[in-house]
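Please keep the viewer open as you read.

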Amino acid sequence: MYKYTFLILPFCIGFLLNCKSTEEFTGFSYDPPNVTDTQDKKVQPQHRRVIGAGTPTVWVSNNFEGARLNDFYSVNENTYEVFIEPENAPINNSPWFAFEIWSDTSTTSWIRLNYNNGRHRYVPKITINDSTYSVEMENTLYDTISKTLTLKLQLSQDPILVSAQRVSSSETYNSWLEEMLAHNFVSQTTIGYSKLGNPIKELMIDETEPGKQVGVLILMSRQHPPEVSGYYAARYFFEEITSNSELSKQFRSQFIVKSYPLINIDGVLNGHWRHNAGGVDLNRDWTNFNQPETKAVRDALLPLLEDPLKKVYYGIDFHSTNENIFYPIEESVPTSPDNLTQRWFPLVRTNNPSAVFAYEEFDTSSPISKNWIYKTFGADALTFEMDDELSMDTIEQIARSSAQSLMTLLLEEKNKVQ
Ligand SMILES: [Zn+2]
């Protein structure tokens, strides 16, 4: 008797803990407290300005889209300190920075990146004349106690851009949109406006015949502003579906794509670490829909439920982290089609032998976009995380090959049903 009690008790405790975690999601291990409270929080304004310090004077500016720099001081000869703060705190540790820097005279300077409410994470990128490269390790010093990074820069009167990741302005976004819209099967709709009144765009691929039963693929990206590699992956993924290949053409005859490439536009333009202009992590707002950006995407997709000719087959939300990792819905959850991610993942790995891909399944309790897609349409969905520090060529290779293998799988799946 006692023997059975000992066996059963740990099982019950495990069961109860498990039940609690699926019913009351309060945040992932890396989230700050109260992340699921998505009502507006106070956001600290970033004062746009040019600041000069030291002799010879070194100048910095945060007066451009995507900038983040809160203060600047001279520490001693040739050493300067940049202060970086998040839009509000507490916040996940994705400390975005972006500033221009120049000097009255040509000089070698040491610039310390000092973070409030965060610790150093991203390898600094330098952009000169539209060309972006990562600062080499030998030109940086990381302080393990203060969690700051100091970088050595050659400065002159010509400003250079120093940033956590490649900075993409709305001008480059709009020129990409124009490029996509040159295809007669791509259309653009403004589905709503962000907290600060910026348009949230949907890009749709539709080359299907009217009146025909079609599949739908949903693509989302940039809910989190610094996650640039995931954003570019989403773009290349979309581009591959618009390509002239036989596979893409066949796919476009049977599937439409509804894509939301830049969901947190305010966060991107204002150099936020994570949140929107309401101070909220948008990818924790897919149950409460307190923020205009999540509401806009939801309301653009909900009419699909009423359309008997359209069936959502799959959804992907692109992000970035410190590795390539798939976060699928766990295999035991029935989706329609079922376990698509589990079948797709080995193909992505095989097609990118030099990249390392991790994989971790989750239950559907968290208020994130992937789970909303599953709960609303019954479809399988994925959080597709790209490594923060991938080269643009690698991002393109992974994204295009992944789009190809997914199109093949989805076509097989759809033809199975017919
Ligand atoms: Zn993210």
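## How strands pair

Two strands count as paired here if DSSP finds at least two bridges between them. Please bear in mind that this is a predicted model.

With that in hand, take strand β2 (residues 58-61) and strand β5 (residues 98-103), which pair in the antiparallel sense over four bridges.

## The six-stranded sheet

β2 and β5 also belong to an open sheet of six strands, whose order is β1-β2-β5-β11-β7-β8 with antiparallel pairing. Which strands stand at the edges of this sheet? They are β1 (50-53) and β8 (131-134); each has a single partner strand, so one side of each is left without a neighbour in the sheet. On average, neighbouring strands of this sheet are turned by 25° against each other, direction ignored.

## Pairings around β6

Strand β6 (residues 107-115) is worth a stop of its own. Six bridges join β6 to strand β4 (residues 79-84), and these two run parallel. Within this pairing, V82 has L113 in β6 as its bridge partner.

β6 also pairs with strand β10 (residues 148-155), this time in the antiparallel sense and over seven bridges. Here S109 stands opposite L153 in β10.

## A serine in β15

Next, please select S259, which lies in strand β15 (residues 255-260). Is S259 buried or exposed? Its relative accessible area is 5%, and the cut-off for buried is under 20%, so S259 counts as buried.

What does S259 touch, once its neighbours within four places in sequence are left aside? The contacts are K201, E202, L203, L219 and F238.

## The enclosed space

How many cavities of 30 Å³ or more does the structure hold? There is one. The largest cavity contains about 40 Å³ of space.

To display the lining of the largest cavity, select G66, W96, V167, S168, R222, P225, P226, G267, V268, G271 and H272. Sorted by class, this lining has five nonpolar, five polar and one charged residues. For that count, Gly is placed among the polar residues, and the lining includes G66, G267 and G271.

Note on methods:
Residues numbered from 1 in each chain as written. Predicted model: local features only at pLDDT ≥ 70, side-chain atom pairs only at ≥ 80, totals over all residues. Heavy atoms only, no water. Buried < 20%, exposed > 50% of the residue type's maximum accessible area, 1.4 Å probe, protein only. Contact = heavy atoms within 4.5 Å. Axes fitted to C-alpha atoms, helices over the stretch in contact; angles between N-to-C directions. 1 Å grid on protein atoms, 1.4 Å probe; cavity = no way out; pocket = protein on both sides within 12 Å on 5 of 7 lines; lining within 4 Å. Points joined across faces, edges and corners; volume = space filled by probe spheres on them.
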